[in-house]
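Please open the model in your viewer and follow the stops below in order, selecting each part as it is named.

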Amino acid sequence: MRKTNDNVNHSRQNNEDGVLDLIHTVMHQYRSLQYQALRDGPHDITHMEGKVLSFFGRQPQATQSDLAKHSGRDKAQLARLIKGLRDRGLLDAEADAADRRNVHLALTADGKAVLSGLHLQAKRLNSKAVSGFNEHEQQQLQQLLLRVKSNLDAAE
């Protein structure tokens, strides 16, 4: 019974707060579930650590400066994250032969395994999130969300 009351209250709150608040709530829930599995696993990965691993998974041999430009995050914060991931054996660093001040970063085998786990968990959660939706409903939801994104892009 409490669950029903929570759902009613949650539903009313979402109507009052608007679409973007609901999207935010869904993404927060998604991220929480996604990283819960890794926090409970052998590597205890945070959301930001997952983002860093994902970046270097897509951009092998990129630098900390590349990550800072991409993410807009503070370089000192990123330096701490990268050091922690290197200390745990998830990222490897190699000095640039031409300029030793530049350090190229890449995922280690363990880093690739953790990133693979993140992708697998994301795929599971995506399937769970749209469970019961037919193909047309899934496409319609994607199209509507793309329109929301486009509207916000145009507002900039």
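Begin with the whole chain: among contacts (heavy atoms within 4.5 Å) between residues at least 6 apart in sequence, 48% join residues at least 24 apart. This is a predicted model, in which local features need pLDDT of at least 70 and side-chain atom pairs count only at pLDDT 80 or more, while totals for chains, interfaces and linings use all residues. Residues are numbered from 1 along each chain as its sequence is written, and side-chain values use heavy atoms, with hydrogens and water left out.

Next, select helix H3 (residues 47-58) and helix H6 (residues 109-129), whose axes come within 10 Å and cross at roughly 105°. That angle makes H3 roughly perpendicular to H6, a term that covers 65 to 115 degrees; axes are lines fitted to C-alpha atoms, for helices over the stretch in contact, with angles from 0 to 180 degrees between N-to-C directions. Show the side chains here, and you will find Gly-50, Leu-53, Ser-54 and Gly-57 of H3 meeting Val-114, Leu-115 and Leu-118 of H6.

Finally, select helix H7 (residues 135-155) and, within it, Leu-152.

Notes:
Helix = DSSP H or I, 4+ residues; strand = E, 2+ residues; numbered from the N terminus. Parallel < 35°, antiparallel > 145°, perpendicular 65-115°, else oblique.
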